[in-house]
Amino acid sequence: MYLWGSHLEGLEEFTHEFNKSIDFDKILFEEDITGSLAHVEMLCKKGIITQEDFEIIASELKNILEEIKSKKLEIDLKEEDIHSFVENELTKRVGSVGKKLHTARSRNDQCALDLRLYSKKVLAEINKDLKNLIKAIISLAEENKNTIMPGFTHMQHAQVTSFAHYILAYGQMFKRDIERLNNSLLRIDENPLGSCALVTTSFDIDRFITSEILGFKNPTENSMDSVSDRDYVLEILFNNSLIMTHLSRLCEELIYFSSSEYNYIKFSGKFSTGSSIMPQKKNPDMAELIRGKSGRTFGDLITVFTILKGTPLAYNKDFQEDKEALFDSVKTTSSSLKIMRGIIESLELNKDKMRESAEKGFLNATDLADYLVLKGLAFREAYDLVGKIVNYAIEENLTLEEISLDVYKGFNKIFKEDLYNFIEIENSLKNRKVYGGPAEEAVTVQIENLKNYLNI
């Protein structure tokens with residue numbers, strides 16, 4: 001049964017299939033019934049329906065909710081949408097009393113309400129997933145405060161760092177993701193119910209009552225905006241896209257760190273697969289899938305941007321298309337975060353290989369320049385001098401530590417025996433104690449700050 005009136009012709013079957021949304025919006029059954037329960041309670045409190053009618057409607061709505069949850073009641077996919085199914089099922093059970101449920105309400109504000117309730121719920125779920133991932137990162141960092149590895153810029157060996165310092169960089173990215181989610185919640189946490197189709201209603205409803213029942217901080221301010229606003233959907237899609245960007249960056253690095261050329265890490269067999277033809281292969285498929293699935297979330301974001309850009313006020317049927325994109329983005333992001341947590345928790349580090357790699361590429365060249373500055377040279381003079389020394393080392397196939405003191409003095413008499421202690425790889429790491437740096441004490445501060453942020 002269509003809810004939009006007997007005065008209109010029924011849709012052709014193929015047109016109905018094109019128009020309906022129940023195949024995907026059925027997941028909103030709990031939000032839809034929760035919103036209806038709040039609405040009918042408000043109608044009763046305002047004397048718009050009787051106490052008896054309220055009790056009949058509310059009782060049966062709760063029964064429908066429990067039966068759907070327990071799978072005793074199957075959602076009829078022939079209905080137009082989840083709103084139609086719930087209202088028709090209610091009316092089938094309680095008769096004409098059920099038809100009073102939709103008093104002072106439109107499907108426009110009903111859709112907007114369901115989507116906001118869903119959005120609040122999934123924000124909390126993704127927030128939890130992010131926190132669990134950060135906890136896994138913290139644990140890995142605590143075990144590897146002094147695990148030396150190369151730091152990179154432009155994919156080239158740059159300076160010495162620790163694995164803890166490296167992985168905690170992603171902890172900061174995911175922390176910012178949580179902050180964005182919390183900020184988005186401030187705008188999502190408003191109740192559109194009571195806006196009706198676009199200009200509210202002549203019934204004496206109270207939108208503050210439903211806001212309190214449903215746990216919103218307040219009602220939305222403008223009824224026209226309320227039914228046509230999908231900014232919060234875009235915010236979630238953007239937030240998810242950025243989360244997936246961070247996950248994809250991490251996956252990209254872990255994938256090449258696991259390659260034979262690097263051999264810094266090994267993925268657990270729980271998050272790897274083999275080859276159908278090459279028995280020696282261990283492929284980082286889960287990380288590759290996360291990297292690939294980031295494209296889905298970007299596409300979901302662009303989909304809703306494109307839908308909204310040409311829609312005039314107020315509600316338009318175009319808005320039906322926001323849900324599949326949102327549902328897909330949420331599912332993709334949440335599952336990717338859970339998989340990444342498992343990857344991090346089961347990661348095996350080849351510490352010897354990372355340490356060996358850090359000895360190559362003159363990662364302590366900047367330390368040598370800093371040494372010269374401490375001895376009195378201007379930094380640019382020191383920079384130029386170290387450049388010449390590095391060229392010499394390359395020609396002679398030596399590391400900076402292997403060059404003799406006499407040779408150093410040949411470049412400049414300022415060099416003393418203490419230079420070797422200054423440019424030692426371990427000391428290169430230990431000397432970077434600046435807030436935010438890779439030295440053990442600096443990394444410990446980062447870990448404690450993240451723990452305090454997560455209240456752990």
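User: Which ring does the charged end of Lys120 sit over?
Analyst: Keep in mind that this is a predicted model, so every value here is computed from it. A charge counts as sitting over a ring if, among other things, NZ of Lys is within 6 Å of the ring centre. The charged end of Lys120 is 4.6 Å from the centre of its ring, and that ring belongs to Phe216.

User: Is Cys251 buried or exposed?
Analyst: Buried means under 20% relative accessible area. Cys111, at 9%, is buried. Cys251 has a relative accessibility of 0%, so it counts as buried.

User: How many residues apart in sequence are the parts that Asp81 and Arg107 tie together?
Analyst: These two residues form a salt bridge, with their closest N and O atoms 2.5 Å apart. Asp81 lies in the loop between helix H4 and helix H5, while Arg107 is in helix H6, so the pair ties together parts whose separation in sequence is 26 residues.

User: What is the distance between the closest N and O atoms of Arg341 and Glu345?
Analyst: Arg341 and Glu345 are 4 residues apart in helix H12, so about one helical turn lies between them. Arg341 is partly exposed at 32% relative accessibility, whereas Glu345 is exposed at 52%. They form a salt bridge, and the distance between their closest N and O atoms is 3.1 Å.

User: Which residues does Ser248 touch, not counting those up to four places away in sequence?
Analyst: Ser248 is found in helix H10, residues 231-257. With 14% relative accessibility, Ser248 counts as buried. Leaving out residues up to four places away in sequence, Ser248 touches Arg291 and Ser294.

User: What is the angle between the planes of Tyr166 and Tyr170?
Analyst: A pair of aromatic rings is described by the distance of the centres and the angle of the planes. Tyr166 and Tyr170 are 4 residues apart in helix H7, so about one helical turn separates them. Tyr166 is buried at 12% relative accessibility, and Tyr170 is buried at 3%. Their rings form an edge-to-face pair, 5.9 Å centre to centre, with an angle between the planes of 75°.

User: Are the rings of Tyr315 and Phe319 stacked or edge-to-face?
Analyst: Tyr315 is partly exposed at 23% relative accessible area, while Phe319 is buried at 1% relative accessibility. Planes over 60 degrees apart count as edge-to-face. The ring centres are 5.4 Å apart and the planes are at 75°, so the pair is edge-to-face.

Key: Residues numbered from 1 in each chain as written. Predicted model: local features only at pLDDT ≥ 70, side-chain atom pairs only at ≥ 80, totals over all residues. Heavy atoms only, no water. Buried < 20%, exposed > 50% of the residue type's maximum accessible area, 1.4 Å probe, protein only. Salt bridge = Lys/Arg side-chain N within 4 Å of Asp/Glu carboxyl O. Helix = DSSP H or I, 4+ residues; strand = E, 2+ residues; numbered from the N terminus. Contact = heavy atoms within 4.5 Å. Phe/Tyr/Trp six-rings, centres within 6.5 Å; stacked < 30°, edge-to-face > 60°. Lys NZ or Arg CZ within 6 Å of the ring centre and 35° of its normal.
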